[in-house]
Amino acid sequence: MQCLHKFCSSKVLKAPFVCAPYSYSTTLLQQHRFFRTSYAAAGPILPFKLSDIGEGIMEVTVKEWYVKVGDRVSQFDSICEVQSDKASVTITSRYDGVIRKLYYDVDSIAFVGTPLVDIETDGGQAPEEDVMETPALSQEEHTHQHIRGHKTQATPAVRRLAMENNIKLSEVVGSGKDGRILKEDILNFIAKQTGAILPPSPFQEIQPPPPAPAAAAKPQEKKPPPSIPTPIAPRPVFTGKDRTEPLKGFQKAMVKTMTAALKIPHFGYKDEVDLTQLVRLRSELKGVAESRGVRLSYMPFFIKVTTFCLGVLTWAAHNIGLAMDTPQGLLVPNVKNVQMLSVFEIAVELNRLQTSGASGQLGTADLTGGTFTLSNIGSIGGTYAKPVVLLPEVAIGALGKLQVLPRFNAKDEVVKAHIMNVSWSADHRIIDGATMCRFSNLWKSYLENPASMVLDLK
Amino acid sequence: MALVKKNSTLKEYFEDAWKAGIVLKSASTDVFQNLALEDWIHEHIDVQQRSALLMWRNSSAVVIGRHQNPWQECNLNLMRSMGIPLARRRSGGGTVFHDLGNINLTFFTSKKKYDRHRNLRVVTGALKDLRPDLDVSATDRFDIVLNGVYKISGTAAKLGRTAAYHHCTLLCSSDRSLLSSVLQTNCKGIKSNATPSVPSPVKNLQDEDPSLDPSAIMGAMASRYCAEFGFDSPVITVDPSVEQLMPGIQKMAADLQAWEWVYGRTPKFSICTSFMAEGANIGLDMDIKNGIVEKCAMDIPHHWLPPEVGKELCSALMGIRFCPSEVAAVVAALMRTASRAPDLAKKTQSLYENVVAVM
């Protein structure tokens with residue numbers, strides 16, 4: 001049962017569990033040097049009483065427990081939060097040990113002087129005593145930290161790392177409970193000091209890249225792809241266990257939609273669009289839009305052109321949805337009645353949806369009623385896609401990455417062209433191939449010759 | 001006021017300066033940064049040998065007490081539409097509305113020296129220093145009333161193992177109409193054991209006397225504090241956004257803004273309400289724990305809508321945050337496969353929208 005700390009280089013003792021805790025500790029002290037850990041809970045069970053709060057208060061309401069039966073606590077760990085007369089009090093433990101009983105439920109009244117919890121204390125260990133290989137006094141700056149103004153000993157792993165690397169705990173920011181310094185905090189501190197890349201600890205979180213809203217401005221050809229802040233250790237170490245989690249919320253609600261959508265006979269149509277002229281137009285108009293306080297991406301143009309063409313596919317209301325990556329998942333808010341909006345007005349609305357999406361504030365009005373969807377998959381990467389129609393719509397378009405590629409012009413010269421691939425999917429029961437082809441060609445022609453949009457502006 | 005040593009933290013500065021009492025003023029009006037500053041001082045400054053007063057103001061915000069229920073205490077819809085943030089502080093007590101016309105005062109002492117009445121004497125004393133005939137007094141519930149009727153200050157406190165702080169508000173020139181509309185819940189049918197707020201009639205000090213503006217009052221507070229406790233300290237301005245001065249403060253501010261703290265810390269509660277949708281009376285019963293929907297049941301007349309619709313909605317809501325945007329996302333997804341038959345579609349949509357409105 002008892003496996004003493006592996007870090008100790010002197011003899012490690014594997015002791016059988018001895019029934020008399022006090023005799024155990026005194027005998028071994030004389031014979032061996034060893035590292036005491038706090039894994040022995042063989043001491044007496046002591047009731048920890050609610051001490052005087054002050055101001056003559058005799059009773060408080062227990063509002064929150066920070067521990068449950070079976071939890072291990074150290075001296076000065078928070079046990080519970082009680083409230084009395086507009087004062088919220090954090091009660092901290094007097095002993096090291098294991099919680100064996102909680103005397104009150106949340107919202108019950110506790111009386112000063114009565115027991116709050118029972119703690120099974122560690123065998124024979126008074127709070128200040130610690131048996132270590134080296135005398136504690138001169139090493140205190142490496143072994144003790146201040147928690148809530150009181151000097152507290154750090155865990156064995158932290159103490160060892162701090163001593164080995166000559167780190168003062170007062171210089172390290174603790175990320176544990178109450179500012180307790182954890183092993184990870186020491187490792188981070190060391191990495192910052194030396195610029196070294198250390199092997200990641202098994203508990204390092206894998207940070208996902210910041211979500212790029214799907215309808216964000218298409219990156220200019222000279223700009224590098226959106227940079228992802230990399231953590232110091234690029235290779236995450238997985239602890240190895242697969243975790244099964246039940247689907248809930250938005251993902252669960254979408255299962256039915258996705259299952260139904262995949263039953264639709266899809267057909268796909270892909271094409272390449274030369275956006276060279278549009279790139280030029282947008283760079284000219286970008287400044288004007290910014291002076292009106294609006295960020296102008298390519299999307300407002302794509303959306304407006306789509307509405308010009310939807311007449312081909314026969315539609316009444318053009319509520320065009322944009323696939324957007326948000327904290328809640330891939331949501332599709334839509335711009336309503338695009339047929340009545342100018343490119344600028346579409347840009348304004350798009351900015352509003354992006355801001356709402358990023359701050360998790362999209363409402364039902366924004367998220368429902370869409371009749372057609374555009375997915376800007378190119379902002380994340382990729383050129384071709386096979387998008388799935390989002391019920392109850394009948395068609396969807398996925399816009400690939402804008403790339404700079406060589407193309408032949410009318411004079412058979414090789415020129416630089418800005419090329420984007422678009423992939424359309426449609427419900428074959430409702431839309432036939434020829435119709436889709438006409439739609440796509442019209443879409444492409446407007447974008448390749450933006451001046452033609454002027455003719456059809458309402 | 002420059003720091004003594006170039007790279008010292010606030011803690012080191014105080015310990016080096018050897019002062020028994022310090023008066024601080026925050027340079028920030030961000031409620032989360034200021035609450036983080038309070039937390040930081042509470043955790044890092046050794047108050048066994050010294051005490052401190054912190055003066056701070058926030059731009060419009062609602063601050064609920066540690067064990068309160070935000071759905072019960074304020075109009076979250078109105079706050080969202082106006083961009084007024086919600087914060088949960090770590091001390092107990094009730095809900096307050098902060099804006100630049102409200103001054104917050106925090107008295108940091110050791111637990112032994114914790115004495116709220118003495119602190120409130122500093123407050124009333126300072127006001128009387130400015131206007132000797134002002135009728136202000138502290139009640140035994142630690143409020144301060146003006147003219148015996150109007151509440152101008154409320155109190156809350158936080159006690160740790162060895163240190164404590166007592167903070168209170170002071171209404172100078174707050175927007176009273178915004179205050180009253182924001183502090184009224186828009187949620188019906190909440191059943192909870194959370195600490196309720198006790199509403200009182202309020203008045204601004206500046207309505208009583210226009211010379212009582214925030215900066216005059218803060219100056220008087222600092223002097224009176226020093227006089228009462230026998231300290232001698234200038235008012236030191238602190239910028240809570242400077243991580244170097246207060247290592248760890250940015251994380252504290254981030255923790256205070258996290259959904260898990262602001263909403264997720266709400267004690268378990270249930271909502272039992274009903275609404276009218278397309279001519280039918282729909283009952284809704286939900287249990288929420290840690291801000292997450294734990295139980296959801298709906299009472300829908302059988303002839304009005306097929307029971308599967310209600311069951312599907314309840315099932316989809318289980319386990320999600322009790323938050324309008326999360327519910328909106330779920331509802332939008334469900335609507336994609338909802339019946340297209342005109343009257344059913346209308347009823348389903350109405351049902352969904354009413355449920356979102358409950359949050």
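In the predicted model, the axes of helix 2 (residues 31-44) of chain B and helix 9 (residues 249-257) of chain B come within 8 Å and cross at roughly 125°. Because angles from 65 to 115 degrees count as roughly perpendicular and those over 145 as roughly antiparallel, helix 2 of chain B and helix 9 of chain B are therefore described as oblique to each other, and their crossing is right-handed. On the side of helix 2 of chain B, the residues that take part are Phe32(B), Gln33(B), Leu35(B), Ala36(B), Leu37(B), Asp39(B), Trp40(B), Glu43(B) and His44(B), and these meet Ile249(B), Gln250(B), Met252(B), Ala253(B), Leu256(B) and Gln257(B) in helix 9 of chain B. Sorted by class, this contact of helix 2 of chain B with helix 9 of chain B comprises nine nonpolar, four polar and two charged residues.

Chain B also contains an open sheet of three strands, in the order 7-8-9, with antiparallel pairing. Its edge strands, each of which pairs on one side only, are strand 7 (136-138) and strand 9 (150-153) of chain B, and the twist from one strand to the next averages 35°. Strand 8 (residues 144-146) of chain B runs antiparallel to strand 9 of chain B and is joined to it by three bridges, with Leu146(B) standing opposite Tyr150(B) of strand 9 of chain B. Helix 5 (residues 116-130) of chain B packs on this sheet, where it touches strand 7, strand 8 and strand 9 of chain B, and the direction of helix 5 of chain B makes about 175° with that of strand 7 of chain B.

At the level of domains, chain B is divided into domain 1 (2-262) and domain 2 (269-358). The centres of domain 1 of chain B and domain 2 of chain B, taken over C-alpha atoms, are separated by 40 Å, and the contact draws 12 residues from domain 1 of chain B and 14 residues from domain 2 of chain B.

In chain A, helix 7 (residues 299-309) and helix 10 (residues 433-448) pack at an angle of about 135°, with their axes 9 Å apart. Helix 7 of chain A and helix 10 of chain A are therefore oblique to each other, and the crossing of these two helices of chain A is right-handed. Phe301(A), Phe302(A), Val305(A), Thr306(A), Phe308(A) and Cys309(A) in helix 7 of chain A meet a set of residues in helix 10 of chain A that consists of Phe439(A), Leu442(A), Trp443(A), Tyr446(A) and Leu447(A). The contact of helix 7 of chain A with helix 10 of chain A is made up of 10 nonpolar residues and one polar residue, with no charged residue.

Technical notes:
Residues numbered from 1 in each chain as written. Chains lettered and ligands numbered in written order. Predicted model: local features only at pLDDT ≥ 70, side-chain atom pairs only at ≥ 80, totals over all residues. Heavy atoms only, no water. Axes fitted to C-alpha atoms, helices over the stretch in contact; angles between N-to-C directions. Helix = DSSP H or I, 4+ residues; strand = E, 2+ residues; numbered from the N terminus. Parallel < 35°, antiparallel > 145°, perpendicular 65-115°, else oblique. Left-handed = near helix turned anticlockwise from the far one by under 90°. Contact = heavy atoms within 4.5 Å. Nonpolar A, V, L, I, M, F, W, Y, C, P; charged D, E, K, R; others polar. Pairing = 2+ DSSP bridges. Domains from an automatic or database assignment.
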